[in-house]
Structures are given as C-alpha cells and as structure tokens.
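Please keep the structure open beside this note, and look up each residue as it is named.

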Amino acid sequence: MSWFESLILGLVQGLTEFLPVSSSAHLRLTAAFSGWEDPGAAFTAITQIGTEAAVLIYFRKDIGRIISAWARSLTDKSLRGDPDARMGWLVIVGSIPIGVLGVTLKDQIEGPFRDLRITATMLIVMGIVLGVADRLAARDESGGKHRAPKQRKALEDLGVRDGLIYGVCQAMALIPGVSRSGATISGGLFMGYKREAAARYSFLLAIPAVLASGVFELKDATEGGHVSWGPTIFATIIAFGVGYAVIAWFMKFISTKSFMPFVYYRIVLGIVIIALVSVGALSPHAAESAG
C-alpha cells in the first residue's frame, strides 16, 4: 500500500465510520474504483481504532462516568440501579452478539462477504430499512392531523432486551454495506428511541467491539506480517482526526435533520455498483495481492 492510498483510505474511514453509509463498504469500493488492492478486513479493523479513539475523546465525560459507576457497582449493590452503572452493563450485554459472530464468521468476513454484489445489496436493503425507521420516528415526533406527537424513549429507558436487540443489529455490520451506525440507529428507531439516544448508544456500543476487533487483527497482523505498518498507522491517524470532526457534526445534524439523504445515497450507490458489476466494468471480487 502506498502512502497516497493510505491517505485516501484514512480520509474515507474517518468520513464514513459514523455516518449510516458503511465505512467497510466505502473502503472496499474506493480500492475497487481506483484499481487498488482490497485493503482487507485487517486494515479496516486497525484503522477503526483511530475512529474509536475519536469516540473515546468526544464522549470522554460520559465514558468516564459510566466506567466509574460500573466499577463501583461491582462491590456496592446500592449503585446497581445507577443509570451510568446500568449503561456499563448494557454496553457489555449489547457487545455479546458481535463478539460471538465476529469470531464464528471470521473467514466469511475476510472472504465471501467482501463480494461487491453483497455489498451493493446490503447498501440498498439497509438503506430502505433506515428510511422506514426514519419515517416512523418523524411521524411520532410530528404527530398528525388526528394524532398527537408520541413521546419516544430516552437512554434511561434502555433495558437488557433492547440492549441485546441493539447488539444483534450491530452484529449485522460484519457484512460490508450494512453500516454499524445505520443498523443500530435503525434498530433503536424501530424500538421507539429518540434519534439522539439511538445514535449515542450506537457509538458507545461500538467501543468494545471495535477496539477488541482492532487488537485481534493487530495480533494476527504482527504474527503474519501482512500489513504495511507505516501507511496503516498513517491512515489510522488521519481517520482519527477526520472522525472526530464527523462525530461533532453528526450529533448536531441528527437533532434536527432527517436520515433520508443517507437513505437516497445508499440506494443510488448500490444500484450503480450492481450496474457496473453487471456490465463487467467492476469486478465483484477483491483484487489479489501481487506479493
């Protein structure tokens, strides 16, 4: 991987990690459109450490409270009803599905799931799902001619059942094209949560899974020697800086705006990919490494 490729891929990772458009799909597509080798699941997982570092800094106050309350609740039973302590447990519970499936489906994630036809299909299908969820949320928030606005749930209403459902939604993002934030936010909106609440829990829930995946891939990459370390670290740093700016923008955006622009983008992109693959202008399979 060249330094220029790592710059572009780092920018793509930072720009798309927190938007409901699938960062893994965009890394795969950027390489395919540019005629580069597929950066691979290992590169994706490692650069995601950079974007998760942005989450840790942006939500540092929330995370600090949650970790402190959770740790104290281990020995002090009176604190187990504390909202921050509960959130700590719910993040752990919600991380179980992706942990189990990530290990079980590792070979598929690094191989068959990276077929562009699957990526395009997931972009379209999950785009439609996000669109329906967004419309339901908008209807509840605005009400109607014969219906009063409906109060949607906040994070304080989150329980074990909803936490697990969020976790299953997050696990779907193991398939490029789904989008971690898109799947979890859609799940949250369908369960009746406010947009900001769904997005905030989505970001918090991603921390253990992404960091664990990154460390796991770091271990494999170190032992296998199949990662270009200089460019990969450079891309991770770029992803961190860009990712932090995107989080700040996105949290403000969703408080007043609809997700529909992302829905349209996903559907159009998916259709374009299918068309290009169908006419042979784009190979559905990753380019093989020459060395």
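1. Asp62, at 17% relative accessibility, counts as buried, where buried means under 20% relative accessible area, exposed means over 50% and partly exposed lies in between, with a 1.4 Å probe and protein chains only. Asp62 lies in helix H4; helices (H or I, at least four residues) and strands (E, at least two) are DSSP runs, numbered from the N terminus.

2. A word on the source: this is a predicted model, in which local features need pLDDT of at least 70 and side-chain atom pairs count only at pLDDT 80 or more, while totals for chains, interfaces and linings use all residues. Residues are numbered from 1 along each chain as its sequence is written, and side-chain values use heavy atoms, with hydrogens and water left out.

3. What does the side chain of Asp62 meet in a salt bridge? The partner is Arg200, at 2.7 Å from N to O, a salt bridge being a side-chain nitrogen of Lys or Arg within 4 Å of a carboxyl oxygen of Asp or Glu. This pair links distant parts of the chain, with Asp62 in helix H4 and Arg200 in helix H10, 138 residues apart. Arg200 is partly exposed, with a relative accessible area of 27%.

4. A further salt bridge joins the side chains of Arg65 and Asp84 (3.2 Å, N to O). Because Arg65 lies in helix H4 and Asp84 in helix H5 (residues 83-104), this pair ties together parts that are 19 residues apart in sequence. Arg65 is partly exposed, with a relative accessible area of 43%, and Asp62, Arg65, Asp84 and Arg200 are linked in a network of salt bridges.

5. The count comes to nine salt bridges, and one of them is between the side chains of Arg152 and Asp140, at 2.4 Å from N to O. Arg152 lies in the loop between H7 and helix H8 (160-171) and Asp140 lies in helix H7, so the pair ties together parts that are twelve residues apart in sequence. Arg152 counts as buried at 7% relative accessibility, and Asp140 is buried too, with a relative accessible area of 9%.

6. The whole structure holds 15 aromatic pairs, counted when rings of Phe, Tyr and Trp (its six-membered ring) have centres within 6.5 Å, with planes under 30 degrees apart called stacked, over 60 edge-to-face and the rest tilted. The rings of Phe59 and Phe203 have centres 6.0 Å apart and planes at 50 degrees, so this pair is tilted. Phe59 lies in the loop between helix H3 (40-58) and helix H4 (60-73) and Phe203 in helix H10 (residues 195-224), so parts that are 144 residues apart in sequence are tied together. Both Phe59 and Phe203 are buried, and they belong to one aromatic cluster whose members include Phe18, Tyr58, Tyr244 and Trp249.

7. Is helix H2 mostly covered or mostly open? H2 is mostly covered, since ten of its twelve residues are buried, among them Ser23, His26, Arg28 and Thr30. What covers these buried residues includes helix H1 (3-16), H3, helix H7 (116-142) and helix H12 (260-278), through contact, meaning heavy atoms within 4.5 Å.

8. The length of H2 (residues 23-34) can also be checked: its twelve residues should span 16 Å, and its end C-alpha atoms are 16 Å apart, which agrees. The expected span is 1.5 Å times one less than the number of residues. Gly35 follows H2, and its phi is positive, near 75 degrees.
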